[in-house]
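Hi everyone, thanks for coming. I'd like to walk you through one model today, so please have a look at it on the screen before I start talking.

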Amino acid sequence: MAQIAQAAQVGALVDGLAIIAGGAYGFISKGSKISLIASGICGIILIALSHVKALFCGIWAVLMFVMFMQKFMKIKSNNSSSEMQQKLLADPAEARIQANSKTIMLVLTLLSLVEAVLCFAAPQ
């Protein structure tokens, strides 16, 4: 069981750094300082909680899973509207940003889900 706890800590590090990297992408692509700040806070909390108690880390990972799933679904539904499709056709740079953002949110959703499972499977 110690291996699962170790895997949860490594997973938290990977997920936390990926969350921070996602916020950095938001800052670089759109100049969003709030993305950078919020992602830094969320990523650091996830990493720190993995060293405190696996249960707390699992709860936080579930919250991150829900948040990233909502963001993914929002981007997916926004891109399917005819108005947005016209906008994306007119601006290839924005289309690339939207596609990257959709991928990032999907990856963060999956990482957070895996992290939650690892944390809940770890010995409490």
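Leaving aside its neighbours within four places in sequence, which residues is Met64 in contact with? The answer is Ile19, Cys42 and Ser112, where contact means heavy atoms within 4.5 Å.

Before I go further, a word on the ground rules. This is a predicted model, so to speak of local features we need pLDDT of at least 70, side-chain atom pairs count only at pLDDT 80 or more, and totals for chains, interfaces and linings use all residues. Residues are numbered from 1 along each chain as its sequence is written, and side-chain values use heavy atoms, with hydrogens and water left out.

Now the overall picture. The protein has five helices and zero strands; helices (H or I, at least four residues) and strands (E, at least two) are DSSP runs, numbered from the N terminus. Reading along the sequence gives the pattern α-α-α-α-α. Along the principal axes, the C-alpha trace spans about 55 × 25 × 15 Å. For contacts between residues at least 6 apart in sequence, 72% join residues at least 24 apart.

Of the 124 residues, 33% are buried. Here buried means under 20% relative accessible area, exposed means over 50%, and partly exposed is in between (1.4 Å probe, protein chains only).

Back to Met64, then. Met64 sits in helix α3, and its relative accessibility is 4%, so it counts as buried. Its C-alpha atom is 8.3 Å from that of Leu113, a residue 49 places away along the chain.

Met64 also takes us to the core. Which residues of the largest nonpolar core touch the most other members? Out of 16 residues, they are Ile19, Leu46, Cys57, Met64, Phe68 and Met105. By nonpolar core I mean a set of buried Ala, Val, Leu, Ile, Met, Phe, Trp, Tyr and Cys residues joined through side-chain atoms within 4.5 Å. The elements giving two or more residues to this core are α1, α2 (33–52), α3 (54–80) and α5. Helix α3 provides the largest share, six residues.

If we do not count residues up to four places away in sequence, Ile19 touches Ser39, Cys42, Gly43, Leu46, Met64, Phe68 and Leu108.

Staying with helix α1, that is also where Gly22 is found. Gly22 has 18% relative accessibility and therefore counts as buried. Between Gly22 and Gly40, 18 residues apart along the chain, the C-alpha separation is 9.4 Å.

Let me move over to helix α5, where Ser101 is found. Ser101 is buried, at 16% relative accessibility. Setting aside neighbours within four places in sequence, Ser101 is in contact with Tyr25 and Ile75.

From Leu110 to Val62, 48 residues away along the chain, the C-alpha distance is 11 Å.

Last topic: charges. There are 9 positive and 5 negative side chains, and the centres of the two sets lie 3 Å apart. In that count Lys and Arg are positive, Asp and Glu are negative, and His and the chain ends are not counted; the place of a charge is NZ of Lys, CZ of Arg, CG of Asp or CD of Glu.

How many salt bridges does this give, taking a side-chain nitrogen of Lys or Arg within 4 Å of a carboxyl oxygen of Asp or Glu? The count is one. Lys30 pairs with Glu94, with the closest N and O atoms 2.8 Å apart. Lys30 lies in helix α1 (residues 2–30) and Glu94 in helix α5 (residues 92–121), so the pair ties together parts that are 64 residues apart in sequence. Glu94 itself counts as buried, at 9% relative accessibility.
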